[in-house]
Amino acid sequence: MPLQQKRVVLANGIELDVVDEGPRDAPVLIFLHGFPESHRTWRNQIPHFSGRFRCIAPDQRGYRGSSKPQEVEAFTPDKLVGDVFLLADALGVETFTIVGHDWGGAIGAGLAVIGGGIGIGLIGKGAVESIARQPEAGGAIGQNMIIAAALIEGATLFAVVVGLLTLFV
């Protein structure tokens, strides 16, 4: 079954198509795709996690049906990072864990650096790539990632976990 998207208008006027699955009162995972991808990067992971986590996966600015500003300056890292904070605000999310792949991992690192005291965790792209390449192994690998997300969700300090699977496997 395809993931359902909704349109979210950010305070800066950017419109993002967003998957938002799972319990609204659960810890939040925001999934950021890489280049040149979309929310579909996470089509195997979201169903796995959405029973225990609120899973949010935007098509970031410039991708698929989301806003595509014409000026190059609209795609600087500060604007892409800002979109994630504005998305969380628009959805009523106060703390979240970033799951980033490729360019999404770089944006996640930017979120951790300028987070301003907001509870943010970051799961490194190595773990995400391993899971993306082995969706049929979602049992053991998926459980390890859930454990890591639970450890860093809502953290008041920023956590950057690179090569997460090496900690558990």
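Here is a chat about a predicted model of one protein chain.

Me: OK, quick overview of the protein chain. How many helices and strands are there?
Reply: There are 6 helices and 7 strands. Since this is a predicted model, keep in mind that everything we discuss is computed from it.

Me: And what pattern do they follow along the sequence?
Reply: Reading along the chain, you get β-β-β-α-β-α-β-α-β-α-α-β-α.

Me: How much of the chain is buried?
Reply: Buried residues account for 51% of the 169 residues. Take contacts between residues at least 6 apart in sequence: 73% of them join residues at least 24 apart.

Me: Let's start with the strands. How do strand 1 and strand 2 run?
Reply: Strand 1 and strand 2 run antiparallel, with 5 bridges joining them.

Me: Which residue stands opposite Lys6?
Reply: That's Val18, in strand 2.

Me: What else does strand 2 pair with?
Reply: Strand 2 also pairs with strand 4 (residues 54–59), in the antiparallel sense and over 5 bridges. There, Val19 stands opposite Ala57 of strand 4.

Me: How many of the residues in strand 2 are buried?
Reply: 5 of its 7 are buried, so strand 2 (residues 15–21) counts as mostly covered, with buried meaning under 20% relative accessible area.

Me: Where do side chains point in a strand, anyway?
Reply: In a regular strand they alternate between the two faces of the sheet.

Me: Back to strand 1. Is Val8 buried or exposed?
Reply: Val8, which lies in strand 1 (residues 5–9), has a relative accessible area of 7%, so it counts as buried.

Me: What does Val8 touch?
Reply: Leaving out residues up to four places away in sequence, Val8 touches Ile14, Glu15, Leu16, Val18, Leu87, Ala90 and Leu91. Leu87 is 79 residues away along the chain, yet the C-alpha atoms of Val8 and Leu87 are separated by 7.5 Å.

Me: Which residues of helix 2 are buried?
Reply: Leu80, Val81, Asp83, Val84, Phe85, Leu87 and Ala88.

Me: And what follows helix 2?
Reply: Helix 2 is followed by Gly92, whose phi is positive, near 75°.

Me: How do helix 2 and helix 3 cross?
Reply: Their axes come within 9 Å and cross at roughly 75°, helix 3 being residues 103–114. That angle falls in the 65 to 115 degree range, so helix 2 is roughly perpendicular to helix 3. The contact is made by Leu80, Val81, Val84 and Phe85 from helix 2, with Trp103, Ile107, Gly110, Leu111 and Ile114 from helix 3.

Me: New topic: rings. How many aromatic pairs are there?
Reply: The count comes to 4 aromatic pairs. One of them is Phe31 with Phe49, a tilted pair at 6.3 Å centre to centre, with 35° between the planes. That pair links distant parts of the chain, as Phe31 sits in strand 3 (residues 28–32) and Phe49 in helix 1 (residues 45–49), 18 residues apart.

Me: Are Phe31 and Phe49 buried or exposed?
Reply: Phe31 is buried, with a relative accessible area of 0%. Phe49 is buried too, at 3%.

Me: Last one. Which residues form the aromatic cluster?
Reply: Phe31, Trp42, Phe49 and Phe53 form one cluster together.

How values were computed:
Residues are numbered from 1 along each chain as its sequence is written. This is a predicted model: local features need pLDDT of at least 70, side-chain atom pairs count only at pLDDT 80 or more; totals for chains, interfaces and linings use all residues. Side-chain values use heavy atoms; hydrogens and water are left out. Buried means under 20% relative accessible area, exposed over 50%, partly exposed in between (1.4 Å probe, protein chains only). Helices (H or I, at least four residues) and strands (E, at least two) are DSSP runs, numbered from the N terminus. Rings of Phe, Tyr and Trp (its six-membered ring) pair if their centres lie within 6.5 Å; planes under 30 degrees apart count as stacked, over 60 as edge-to-face and the rest as tilted. Contact means heavy atoms within 4.5 Å. Two strands pair if DSSP finds at least two bridges between them. Axes are lines fitted to C-alpha atoms, for helices over the stretch in contact, and angles run from 0 to 180 degrees between N-to-C directions. Angles under 35 degrees count as roughly parallel, over 145 as roughly antiparallel, 65 to 115 as roughly perpendicular and the rest as oblique.
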